[in-house]
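Work through the exercises below with the sequence and the model at hand. Each task is followed by a solution in steps.

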Amino acid sequence: MLKKMGEAVARVARKVNETVESGSDTLDLAECKLVSFPIGIYKVLRNVSGQIHLITLANNELKSLTSKFMTTFSQLRELRLEGNFLHRLPSEVSALQHLKAIDLSRNQFQDFPEQLTTLPALETINLEENEIVDVPVEKLAAMPALRSINLRFNPLNAEVRVIAPPLIKFDMLMSPDGARAPLP
């Protein structure tokens, strides 16, 4: 087990170093078995955090993200968090004023993360395969840049299904009532 942990740590370190050395605008820590965002990465990336526009933390074991993550990477354009155990976002997500796309699919959200409705540049929200029942349709309808929201395979209440279509000017993907997500 220690050998596997050591390999995982080495993999994360290698990926972070690649980002710093290449001056890349992308940090890809997908499938690294992370249970939290490693604190040491903030120090390593402090001189380049403003140029990172895409972070992928997909298919890890994250249960939460900190406010420090949101404020450190405030220049993000895309955040990929699919396949984790997230159930909420910190209020500091409002610092992501340049964010255009966020993927929160296959997590454990029961409540729609309403902080997302304050992001002026946000174009795409993916919340497929969560446990969301209610959606702030009016707030979503008021978002200036929103083009698409994916709510497939969520147990949405009937009210959302009726109210949303006439109010929205963007694509809202929903599964038929009662549809279940495909088994992995």
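Buried means under 20% relative accessible area, exposed over 50%, and partly exposed in between (1.4 Å probe, protein chains only). This is a predicted model, in which local features need pLDDT of at least 70, side-chain atom pairs count only at pLDDT 80 or more, and totals for chains, interfaces and linings use all residues. Residues are numbered from 1 along each chain as its sequence is written, and side-chain values use heavy atoms, with hydrogens and water left out.

**Exercise 1.** Classify E31 by accessibility and locate it.

Solution. Step one: the relative accessibility of E31 is 47%, so E31 counts as partly exposed. Step two: E31 sits in the loop between strand 1 and helix 2 (39–45); helices (H or I, at least four residues) and strands (E, at least two) are DSSP runs, numbered from the N terminus. Step three: the phi of E31 is positive, about 55°, although E31 is not a glycine. Most residues other than glycine have a negative phi.

**Exercise 2.** Do likewise for R106.

Solution. The loop between strand 4 (101–103) and strand 5 (124–126) holds R106. R106, not a glycine, has a positive phi of about 55°. Its relative accessibility is 36%, which means that R106 counts as partly exposed.

**Exercise 3.** Describe the open sheet and name its edge strands.

Solution. Seven strands form an open sheet in the order 1-2-3-4-5-6-7, with parallel pairing; two strands pair if DSSP finds at least two bridges between them. Strand 1 (26–28) and strand 7 (171–173) are the edge strands, each pairing on one side only.

**Exercise 4.** Which residue in strand 3 is the bridge partner of I55?

Solution. Strand 2 (residues 54–56) and strand 3 (residues 78–80) run parallel and are joined by three bridges. The partner of I55 in strand 3 is L79.
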